[in-house]
Amino acid sequence: MADSLAPACTPLKQEYDSCFNLWFEGYLEPTLANATETSRKAHYARKAEEFEAKCGKVYKEYQACLQGAVKERGIEPMLQQAREEHPLKEAPPLLPKEKK
Amino acid sequence: MHFFSQDYTLSHPWSHVVIGMWHKYPNAKCTHVISVDVVDRSVDPKTGIIRTERILGCKQKAPGWIVKVFGGSEDAFVREISFVDPARQTVDITSINLSLAQFATCLERIQYTPAPDNRTTFAQTAEIQARFTAWRTAADGLERWLVQRFEQNAQLGKLGFTDVLRALEQRQTAATSAA
């Protein structure tokens, strides 16, 4: 697992990554098998809740640690500007398929 | 502006590729990426779409003059926003440089979509664009500074030379009256 940009936050970051990865592996597989829309939606809602319950606490700790470093390293203003320029709150349209 | 694009097929099913993307770093072949941090993540309980915003720290091997001229440091940061859509089976990743973004932007997009025979299509595009207004501002600033320095130095040069000439004149006058 990759390190955090702030060495002091690496243990929390890796704990969070492990939590997410474990959760994520169980997210995709049954989703693909669940064909009906109703059961799929129920699955997403349940998994979103589960993610928060399992990884929410360590995520908050990790973010609290990271925020100081983001300020210290001068990343914050760059990030703010990038977010204003490209909010990317939703996925951009699909790339056109290249003709072979 | 420069465009770049490439497509290829990975011999792994889509779900494996998507799991793999969270395990890409550290990578012996991409040692320039030295840190990866999640700064924002949400799971939409209705659509199932996972949006993740990350900051990748890179050791850039920029030519020395770029670092000197643009005042960058050895560390460069990239912002990456990904969308994993389990229902549509698409992954969309956009990456933009944070460092030196006032001078040029490199916007990369990657998509992973399922391909026949349990394979995955990888599609990548990139746009590299210099910001001419920023260059203009920087160039104008440099020009103003150079003009100011030149004017100051020209003025000082004039004063300095006048002093030298006056001293020379005084010495000559003294020599003449002594003779």
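Tutor: Here is a quick tour of the sheet, the helices and the core. Keep in mind that this is a predicted model.

Student: What's the strand order in the open sheet of chain B?

Tutor: The 7 strands run E1-E7-E6-E5-E4-E3-E2, with antiparallel pairing. At the edges sit E1 (2-10) and E2 (33-43) of chain B, each pairing on one side only. From one strand to the next, the twist averages 15 degrees.

Student: And which helix packs on that sheet?

Tutor: Helix H1 (residues 14-21) of chain B does, touching E1, E4, E5 (90-97), E6 (104-115) and E7 (119-130) of chain B. The direction of H1(B) makes about 145 degrees with that of E6(B).

Student: How many bridges join E3(B) to E4(B)?

Tutor: 10, between residues 50-59 and residues 75-85 of chain B, and these strands run antiparallel. Cys58(B) in particular stands opposite Ala76(B) in E4(B).

Student: Switching to chain A. Which residues of H3(A) are buried?

Tutor: In H3(A), residues 75-85, they are Ile75(A), Met78(A) and Ala82(A). They lie on the same side of H3(A), because they cover an arc of only 70 degrees around the axis.

Student: What's on the face turned away from that side?

Tutor: Exposed residues: Pro77(A), Gln80(A) and Glu84(A).

Student: And what do the buried residues of H3(A) pack against?

Tutor: Helix H2 (37-72) of chain A, together with E3, E4 and E5 of chain B.

Student: Then which residues have the most contacts inside the largest nonpolar core?

Tutor: Ile75(A), Val18(B), Phe77(B) and Leu98(B), in a core of 32 residues. At least two residues of this core come from each of H1 (10-33), H2 and H3 of chain A, and from each of H1, E2, E3 and E4 of chain B.

Student: What does Val18(B) touch?

Tutor: Leaving out residues up to four places away in sequence, Val18(B) touches Leu28(A), Val84(B), Val91(B) and Tyr112(B).

Student: Last one: what domains does chain B get?

Tutor: The domain assignment gives domain 1 (2-130) and domain 2 (132-179). Taken over C-alpha atoms, the centres of domain 1 and domain 2 of chain B are separated by 54 Å.

Terms used:
Residues are numbered from 1 along each chain as its sequence is written. Chains are lettered from A and ligands numbered from 1 in the order in which they are written. This is a predicted model: local features need pLDDT of at least 70, side-chain atom pairs count only at pLDDT 80 or more; totals for chains, interfaces and linings use all residues. Two strands pair if DSSP finds at least two bridges between them. Helices (H or I, at least four residues) and strands (E, at least two) are DSSP runs, numbered from the N terminus. Axes are lines fitted to C-alpha atoms, for helices over the stretch in contact, and angles run from 0 to 180 degrees between N-to-C directions. Two residues are in contact if their C-beta atoms, placed from the backbone, lie within 7 Å. A residue is buried if 20 or more other C-beta atoms lie within 10 Å of its own, exposed if 12 or fewer, and partly exposed in between; C-beta atoms are placed from the backbone. The arc is that of the directions from the helix axis to the C-beta atoms. Domain bounds come from an automatic or database domain assignment. A nonpolar core is a set of buried Ala, Val, Leu, Ile, Met, Phe, Trp, Tyr and Cys residues joined through C-beta atoms within 7 Å.
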